Every structure is written in C-alpha cells, then in structure tokens.
Amino acid sequence: MTLSVLILALNEEDQVADAVFSASAPGVEVVVVDGGSTDATCERAAAAGAHVVDLEGGRAGRARQMAAGVRSSRGEIILFLHADTRLPAGFERAIQAVLSDRGTVGGAFGFRFDQPGAALRFVEWGVRLRVAVFGMPYGDQALFVRRSVLDEIGGVPQVLIMEDLDLVRSMRQRGRVAQIALPVVTSARRYVDRGVFRTMFRNWLMASGWLLGIDRGRLASWYRQ
C-alpha cells in the first residue's frame, strides 16, 4: 500500500520544513497544501523536498485544503498532518501494520505536546480518555484513511469547521478506526498563547456543538472569538 502525507499549512514558515522532514520516508509521497500563506511557507516546503499545492486567492479553509491534497496525491493511504505536528519514526510501518487488517479503514496516532507542564499533561490525558471512551480522534492526531474509503464517503466533508470529526464519524460507519500508540508531537504554542484551560474548554464547546448539530457558521464564529 502506497502512502501520501498531506501537510496542511497556513503561514507556517518556521514549522513546515520540520513537518516535511518528519513525514519523509522511503516510498512516502509528501504534499504540502498551503491555504493562502503570506509568508515563505511554500518556498520552505519546496526547499525541504515536498510537492507544494498553493491555494491562492485568499485563505482556504482546512476542509478545502484536505480535498485539494487528496486530488493532488497518488497514495492508496492518505494521512492528514498539521504543519505544527511531527510524525514519529516508523510511522509508515505502524500504518501498514494496522491496515493489514482489511476491516480497518483508517486511524490516528497518540498525542503529545512539545513542551512540559502539568496543564498540558492534563490535556494529553483528556485526549486519551476521549479516544478510549468515544473513539473520536481529532485532526491534530494525524488522521489516516484508505483512499477507497474516502472515495466511498464522497471525500473530505466540505464544512466550515469540525471536518475532522465528520470524517472520523463517516469512517467508523465503514469499519474500524485504529489507534496507534506511537504519539505525534504537536506544538503547544496555541494552548500556551491563549491559555491552556481556556483553549481546552473552547475545544470541548466546539465538540459539544458538533454533537448537538449546531450550525457550522455559528460554531466557526464562536471558535474565532
């Protein structure tokens, strides 16, 4: 099975090269999908060896980035990676192992921040609990899915926000969504800048709104506040 890693970026000139390097492995296609950056993200991604898809003309939402990356890639397995997240060594072998079971349609990795701190460890614990109890990993856990399954569900849901949860829900309707113990390492900068517990509460609020079926435009407005 061939694997394409799609790195979703927006003004990530300081992060994108490391994301590309973490995704680089024999036989792995690395595509950076830029959502309209105004910095040197595209140039640094290309210099790091990635194929770059530049969605010009203003900011593109993450769902649109994901769909563009799928169209521009060739792999039988699609992995969506945020530009401030790093894949663990051996990620490609771990994916191949879980997908050797034909009943498994995709999955995600464990989750860890790149900084110390009790509050951040609490967030990590909350992620483990959410996945264990509800089986719902988020997009920052490097979601991966078989292309054939993605085709069956009509591609990445084109919504304003929470497209990752929509995608996981559709995947679960078609088979097992595996959890790989190996953790991706993601930047804690947004949690630290906005306040760890404030950010965690906002994320819970968004997930609750998604479960209740609240209009995505309203959720997106709340998220930006």
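**Aromatic rings and cores**

Author: In this predicted model, Phe111 is buried, with a relative accessible area of 8%.

Reader: How are the planes of the Phe111 and Phe113 rings arranged, stacked or edge-to-face?

Author: The ring centres of Phe111 and Phe113 lie 4.9 Å apart. Their planes meet at 80°. Planes over 60 degrees apart count as edge-to-face. So the pair of Phe111 and Phe113 is edge-to-face.

Reader: Is Phe113 buried or exposed?

Author: The cut-off for buried is under 20% relative accessible area. Phe113 has 4%, so Phe113 is buried.

Reader: Which elements hold Phe113 and Tyr191, and how many residues apart are they?

Author: The rings of Phe113 and Tyr191 have centres 5.0 Å apart and planes at 65°, so this pair is edge-to-face. The pair links distant parts of the chain. Phe113 is in strand S6 and Tyr191 in helix H8, 78 residues apart.

Reader: Which Arg lies over the face of Tyr138, and at what distance from the ring centre?

Author: Two such cases can be named. Arg202 lies over the face of Tyr223, 4.1 Å from the ring centre. Over the face of Tyr138 lies Arg130, at 3.5 Å.

Reader: How many residues has the largest nonpolar core?

Author: Residues with the most contacts inside this core include Val5, Leu79 and Phe91. Among the elements giving two or more residues to the core are strand S1, strand S4 and helix H4. Apart from it lies another core, of 20 residues, with Leu8 and Ile153 among them. The largest nonpolar core has 29 residues.

Reader: Which residues does Glu92 touch, leaving out those up to four places away in sequence?

Author: Glu92 is found in helix H4. At 15% relative accessibility, Glu92 counts as buried. Its side chain makes a polar contact of 3.4 Å with that of Arg93. Beyond four places in sequence, Glu92 touches Leu3, Ala25 and Val28.

Reader: How many of the ten residues of helix H7 are buried?

Author: Helix H7 spans residues 163-172 and is mostly covered. Its buried residues include Glu163, Asp164 and Asp166. Leu165, Leu167 and Met171 are also among them. The count of buried residues in H7 is eight.

Terms used:
Residues numbered from 1 in each chain as written. Predicted model: local features only at pLDDT ≥ 70, side-chain atom pairs only at ≥ 80, totals over all residues. Heavy atoms only, no water. Core = buried A, V, L, I, M, F, W, Y, C linked by side-chain atoms within 4.5 Å. Buried < 20%, exposed > 50% of the residue type's maximum accessible area, 1.4 Å probe, protein only. Helix = DSSP H or I, 4+ residues; strand = E, 2+ residues; numbered from the N terminus. Polar contact = N/O pair within 3.5 Å; in protein donor to acceptor, adjacent residues only side chain to side chain. Contact = heavy atoms within 4.5 Å. Phe/Tyr/Trp six-rings, centres within 6.5 Å; stacked < 30°, edge-to-face > 60°. Lys NZ or Arg CZ within 6 Å of the ring centre and 35° of its normal.
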